[in-house]
Amino acid sequence: MLWWLLLRRIVSVMRDLVSNKRTLFITTKNLDYIRNTQEIKILQNTSKSVNIIGSNAKSYLMRLIRVYSMLLFVSVKKYDLIFVGFAPQLIVPFFKRKFRNVYLIVDFFISVYDTFIFDRSIFPQNSIIAKLLKQVDIITISAADHIISDTRAHGDYFSKEFGVARGKITELYLQADKSIYYPRKIRRCNELIDKFIVLYFGSVLPLQGFDIVLKAVEQLKDHSDIYFYIIGPVKKQKRVLNNNIEYIEWLPQDELARYIAVSDLCLAGHFNAEIDKAKRTIPGKAYIYSSMGKRMILGNNMANHELYDDSHNDIYFVEMGSPDKLANMIKEVKNKYHCNDAVDA
């Protein structure tokens, strides 16, 4: 498959960058965060040695304090490579001088400028803060010898927006934790044995287009043969209430995997058509659904098409921003399959 060949090429590029290097890995995100575990594993499998500066403190401020404290006293002369993981904007501008004689790789997983100005619209585009955030991104990305992005579409955007050579950027796609998310069959409760179960989970950020999901669910609330699991922090006043919809605020990962396993169709997204970042990002849940071998609906955008295409029977694309198209696709998939996938193991 094309995506498998693509992933092999990316892994090969990563190995060439870090192979046989004495590496220092730095992150401000909790160490068990999926992106950190993915990168640490790659480094441990390919580098000569790996030391890690990070923290599992629950408070982000406390993690920053601990990471900064360790960086103040660490000698970087003994390293061939410094790899800064999540949020290099919080590290590189302050320690750029210390890193200057060591090969530097940063994971530019997010742009603070894009996130705060366009994704979440916290500050106006022409404000002083917007200009400051863009400069922080530029300083960070310009200091790096090589940059990691999560998609090719994001790499193109970073190159154009921040003036960095495209050849310095390599995409590294996320990977689900396969010790948790793997194919399985789960016994359903008797009440749902004949239902077509559709699942959505997420943090309900605007980027994800959760409002589109809710409108599609509302259109289908009279379809008694369809049952929805909506997992995430959905405010009660925003919920569509009906007998075929079940809201679950939070689940640990192993329990989430069981709910996914019992579902016939999973909604991945992103479905927001107004935020450009939604078109440049493959939703993390897509990697989870794929790892579990589940049918899923994706937003029809350039990032999703980097790894997925509709030639695969279990992948469906829908126009972003359209609850009508999403509702119709759910019905189309339901009519195509019988509800006999999630039965006894």
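Colleague: Let me start with a detail: which residue in E3 is the bridge partner of Ile-26?

Modeller: Before anything else, please keep in mind that this is a predicted model. The bridge partner of Ile-26 in E3 is Val-84. The two strands behind that pair are E1, residues 22–26, and E3, residues 81–84, which run in the parallel sense and are joined over four bridges.

Colleague: And what sheet do they belong to, in which order do the strands come?

Modeller: They sit in an open sheet of six strands with parallel pairing, and the order across the sheet is E2-E1-E3-E4-E5-E6. Strand E2 (49–53) and strand E6 (169–171) are the edge strands, each pairing on one side only. On average, neighbouring strands of this sheet are turned by 20° against each other, if direction is ignored.

Colleague: Which strands does helix H7 touch?

Modeller: Helix H7, residues 152–162, packs on the sheet and touches strand E5 (146–149) as well as E6, and its direction makes about 160° with that of E6.

Colleague: Which residues of H7 are buried, and what do they pack against?

Modeller: The buried residues of H7 are Ala-153, His-154, Gly-155, Tyr-157, Phe-158, Ser-159 and Phe-162. They pack against strands E5 and E6, and also against helix H5 (112–119), helix H6 (128–143), helix H10 (277–280) and helix H12 (304–307).

Colleague: Which residue forms a salt bridge with Asp-119?

Modeller: That is Lys-277, and the closest N and O atoms of the pair are 3.4 Å apart. This pair links distant parts of the chain, since Lys-277 lies in helix H10 and Asp-119 in helix H5, 158 residues apart. Both Lys-277 and Asp-119 are buried.

Colleague: What about Lys-334, which side chain does it meet in a salt bridge?

Modeller: The side chain of Lys-334 meets that of Asp-225, at 3.0 Å from N to O. Here too the pair links distant parts of the chain, with Lys-334 in helix H13 (residues 323–336) and Asp-225 in the loop between helix H8 (210–219) and strand E8 (226–231), 109 residues apart. Lys-334 counts as buried because its relative accessibility is 15%, whereas Asp-225, at 31%, counts as partly exposed. Elsewhere, salt bridges that share partners join Arg-35, Glu-39 and Asp-107 into one network.

Colleague: Now the backbone: which peptide bond is cis, from Gly-269 to what?

Modeller: The bond from Gly-269 to His-270 is cis, with omega near -15°. His-270 lies in the loop between strand E10 (265–269) and H10. For context, most peptide bonds are trans, and most residues other than glycine have a negative phi.

Colleague: Where does Asn-20 lie, and what is its phi?

Modeller: Asn-20 is in the loop between helix H1 (2–18) and E1. Its phi is near 60°, a positive value in a residue other than glycine. With 53% relative accessibility, Asn-20 counts as exposed.

Colleague: And what is the phi of Ser-121?

Modeller: Ser-121 has a positive phi of about 50° although it is not a glycine, and it lies in the loop between H5 and H6. Ser-121 counts as exposed because its relative accessibility is 54%.

Colleague: Last topic, the surface: which residues make the nonpolar patch of about 280 Å²?

Modeller: Leu-61, Met-62 and Ile-65 make that nonpolar surface patch. Leu-61 is found in helix H3, residues 60–73, and at 57% relative accessibility Leu-61 counts as exposed.

Terms used. Residues numbered from 1 in each chain as written. Predicted model: local features only at pLDDT ≥ 70, side-chain atom pairs only at ≥ 80, totals over all residues. Heavy atoms only, no water. Pairing = 2+ DSSP bridges. Axes fitted to C-alpha atoms, helices over the stretch in contact; angles between N-to-C directions. Contact = heavy atoms within 4.5 Å. Patch = residues over 30% accessible without salt bridge, like charges linked within 9 Å, V, L, I, M, F, W, Y side chains within 5 Å. Areas by Shrake-Rupley, 256 points an atom, 1.4 Å probe, with all protein chains shown as cover. Salt bridge = Lys/Arg side-chain N within 4 Å of Asp/Glu carboxyl O. Buried < 20%, exposed > 50% of the residue type's maximum accessible area, 1.4 Å probe, protein only.
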